[in-house]
Amino acid sequence: MSPDTETRPDTLDPYRLPRTAVPEAYRVELEPNLDAATFSGVVEIDIDVVEPIGELVLNAIELDIGSCTVNGTAGSWSLDEPTERLTIDVDGSLEPGRATVRIEFTGILNDKLRGFYRSTFRDEDGNERVIATTQMQATDCRRAFPCWDEPDLKATFEVTLVVEPDLLAISNCAAVGRDERPGGDGDGGPGKVAVRFAETMRMSTYLVAFVVGPLEVTDPVDVDGIPLRIVHLPGKAQLCEFGLDVGAFCLRWFQDYYGIPYPSDKIDLVGLPDFAAGAMENLGCITFRETVLLVDPATATQHEQEVVVDVVAHELAHMWFGDLVTMRWWNGIWLNEAFATFMELAACDAYRPDWHRWTTFGLERSLAFETDSLASTRPVEYEVKSPGDCEGMFDVLTYQKGGALLRMLEQYLGTEAFRAGVHRYLTAHAHGNTETGDLWDAIEEATSQPVRRLMDSWIWQRGYPLVSASLAGDELVLDQTRFAFGAGDDDDDSLWVVPVHVRTGEGEDGGATERKVLLDGDRITVPLDDAGAPVVVNAGGHGFFRVAYDDELRSRLTGEVLAGLDRLERYCLVDDATSSMIAGRLPAADLLTFLEGFADDRDIAVWRSIAVAVRTLGRLVDGEPLERLRARVSTLVRPALAELGEPDGGEDELRAQLRGLLLSMAAIHGGDDEALTRARDVFTADERDPGSVDAELLAAATTVVASTGGTDDYERLLEKYRSPSTPQEQLRSLHSLALFDDAELVARTCELAMSSEVKSQNAPFLLRDCIGNRHHGAASWAFVRAHWDEANHRFPTNTIVRMVDSVKLLATDESVADVQGFFAEHPIEQAAETLRQVLERQLVNNEVLRREGERFAAAL
């Protein structure tokens with residue numbers, strides 16, 4: 001599909017409903033039975049009949065239909081499970097105009113974390129309590145009630161929930177009524193209450209939400225007339241203050257940024273014990289995993305707090321970009337998520353500018369670079385026929401690459417010009433549906449820049465460029481070719497319209513100048529005022545491309561010039577070098593020497609990139625060469641760690657984070673005895689006096705103790721998982737159980753993941769970590785192989801490919817043959833493209849090991 005092609009429904013298309021009748025308004029009443037895990041319901045749908053028809057076709061699945069009427073007349077019906085369609089035969093013919101459909105039905109509260117599903121927790125007495133909650137995206141609203149379940153078929157929704165009087169019931173809008181219902185047995189027994197909610201704005205079915213259960217709610221915070229609350233499990237009110245503060249800030253900030261008021265009447269942020277995704281942007285009723293909403297800043301690391309800010313901001317950004325204005329079909333879901341990613345970063349940067357969020361985004365962007373360097377990568381947008389086809393869009397190419405491309409565009413156009421285009425887009429399409437090109441056109445109209453041509457070159461073709469920089473007299477020559485890990489990239493003739501920021505000279509006082517150029521072809525030349533000055537290509541570090549300098553230009557980016565670069569620019573240098581080694585352009589030994597040139601750097605983002613490179617190098621050698629590598633890593637890290645000293649209560653949070661990172665690097669990758677002792681002392685001190693230890697050091701110490709400890713340490717961490725003080729401590733402790741260098745303990749962790757003690761939302765990721773264990777990954781993979789059917793039955797479908805992502809680290813010839821052979825016979829149909837990328841990355845790692853292993857060992 002070309003970027004100008006509009007996706008139109010076809011009555012013969014098994015995935016698109018006919019448009020002979022479309023919904024205008026839903027009135028939904030649901031009565032969940034939490035103990036029996038069932039629900040009953042009735043939905044009345046006002047429809048607009050477009051042409052004379054003899055049947056109505058809508059979506060339903062996993063529902064038992066009791067009756068169907070159209071304008072009060074009963075009709076026969078059939079439910080086709082393969083196509084998830086309910087067909088209602090009308091008596092005679094429906095003529096164009098308004099009609100009303102009424103459907104009675106029953107269903108189950110499933111345990112697959114989709115549609116209307118069952119979530120559980122233990123109360124303070126150890127009793128299991130049940131919550132009924134929802135996750136409708138992409139096409140699971142049809143599991144809760146019959147509906148026209150496609151994103152462009154917007155309508156209003158009035159929801160009524162019939163519940164036990166002592167349960168909390170919430171939905172998208174504020175409650176407007178609470179009516180008593182008599183007991184169902186007719187003997188005067190206790191009845192229920194029907195909680196009625198206000199009518200929503202016109203919106204897509206995938207945004208409908210309702211939650212019922214023994215939950216508590218904070219007092220509302222008034223945000224310019226909009227009540228904001230957090231809904232949480234009993235006993236967790238003390239973990240809500242930070243999330244409320246973030247939510248209030250972001251709600252105000254987004255209204256100012258977009259220049260459009262919040263489009264509904266209230267916002268509830270709902271922390272759930274079972275949730276397959278991170279969070280979901282249901283209008284006014286945003287659902288979250290507890291770990292990304294409920295947090296105690298006094299005991300959480302900076303990163304754990306940052307995740308809360310990111311996710312809360314991401315979902316609130318969707319209230320406009322996604323909810324108010326929605327993609328026409330699922331091919332556009334990438335833009336919803338990419339734009340929300342861009343906005344979460346911008347909001348986080350506004351909330352805590354001292355966190356330098358655009359810089360730390362570099363590490364996340366690198367994950368997109370990694371996937372986009374493969375032959376099996378995909379365009380950001382591609383044709384989507386079935387809703388299931390879009391499952392592959394929920395990946396790093398959508399979130400991280402998409403967000404990075406929007407940041408690159410914003411930096412090229414200017415912040416205010418870009419913002420004006422976004423306002424134009426949202427205003428023009430409010431309550432409607434769009435294609436990707438509509439956004440580019442709105443920004444182009446606001447800026448008079450070739451936005452559509454520029455962005456189409458990035459969205460509709462796979463990969464990204466390597467921009468090579470060289471000198472030719474007094475000119476800078478920029479060339480572009482596609483960067484790829486594998487062979488054959490030199491034959492790829494893909495070209496991008498690349499916005500390149502070029503800076504020449506040193507510092508503002510030293511006469512540095514910066515200009516923006518468009519590399520719109522395979523080569524351009526840029527005149528230089530001073531051909532002998534340092535030149536930085538991708539100045540600012542926001543371009544989605546890698547840079548290869550010639551020897552002369554590279555030699556100028558050392559010493560004081562290197563130290564004077566922006567932190568993201570220095571990060572990019574390290575990241576580019578690591579990728580060059582993987583691609584075979586830089587020997588591993590030279591990469592290590594290059595990393596040692598950053599010993600004096602004190603920025604967390606740069607060191608996080610160094611840590612990634614060190615882990616990559618560590619996978620190439622074993623035995624004595626590994627010990628020699630550890631000695632050099634220790635030499636690299638120890639001076640910086642010593643300089644940081646002990647925590648200071650008033651210090652910068654990123655400095656504290658750097659101390660923790662360096663401690664874990666020195667202990668685990670450097671084998672440094674002093675660091676190992678320090679980490680264990682920190683871990684023991686927290687056991688004696690919980691909460692007394694710096695959170696960053698404690699997180700690092702937990703990783704070190706798990707990576708180097710034994711059975712007693714395992715039992716301690718298992719107990720921390722079972723009796724945590726915060727969701728973050730529980731998750732941190734759980735994942736540490738995969739790090740042990742003990743075959744029996746890692747096997748225990750695999751068994752734990754398959755037990756009822758670990759929730760299905762977390763178990764796949766615990767197994768992923770076990771497979772990623774440097775020493776016992778192959779055994780963990782064998783465990784997953786043996787339990788493949790059980791895992792697919794128990795875990796949410798969207799987590800299966802994530803569970804096996806770390807097989808790419810199993811790079812020996814034996815492991816490659818095993819993994820590749822298994823998936824040849826056991827495809828993951830809902831994530832076929834992502835699996836191909838994982839398997840190709842394993843082959844790339846195998847090639848790197850073959851090419852670099854022996855010569856790197858010899859060089860050490």
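Which residue in strand 18 is the bridge partner of V217? In this predicted model, the partner is V231.

Strand 18 spans residues 226-232. Five of its seven residues are buried, so the strand is mostly covered, with buried taken as under 20% relative accessible area.

Strand 17 comes next. It covers residues 221-223 and also runs antiparallel to strand 18, joined to it by three bridges. Here V221 stands opposite L228 of strand 18. Strands 17 and 18 form a hairpin with two residues between them. In that hairpin, D224 takes a positive phi near 55°.

Strand 19 pairs in another sense. Residues 267-272 make up this strand, and it runs parallel to strand 18 over four bridges. R229 stands opposite D268, which lies in strand 19. The path between these two strands involves a helix: strand 18, helix 1 (residues 241-258) and strand 19 make a β-α-β unit. The unit is left-handed.

Now turn to another part of the chain. S579 sits in helix 11, which runs over residues 567-582. Is S579 buried or exposed? Its relative accessibility is 5%, and therefore S579 counts as buried. What does S579 touch, once neighbours within four places in sequence are set aside? It is in contact with F483, F485 and R546.

Notes: Residues are numbered from 1 along each chain as its sequence is written. This is a predicted model: local features need pLDDT of at least 70, side-chain atom pairs count only at pLDDT 80 or more; totals for chains, interfaces and linings use all residues. Side-chain values use heavy atoms; hydrogens and water are left out. Buried means under 20% relative accessible area, exposed over 50%, partly exposed in between (1.4 Å probe, protein chains only). Two strands pair if DSSP finds at least two bridges between them. A crossover is right-handed if, with the strands pointing away from the viewer, the path from the first strand over the helix to the second runs clockwise. Contact means heavy atoms within 4.5 Å.
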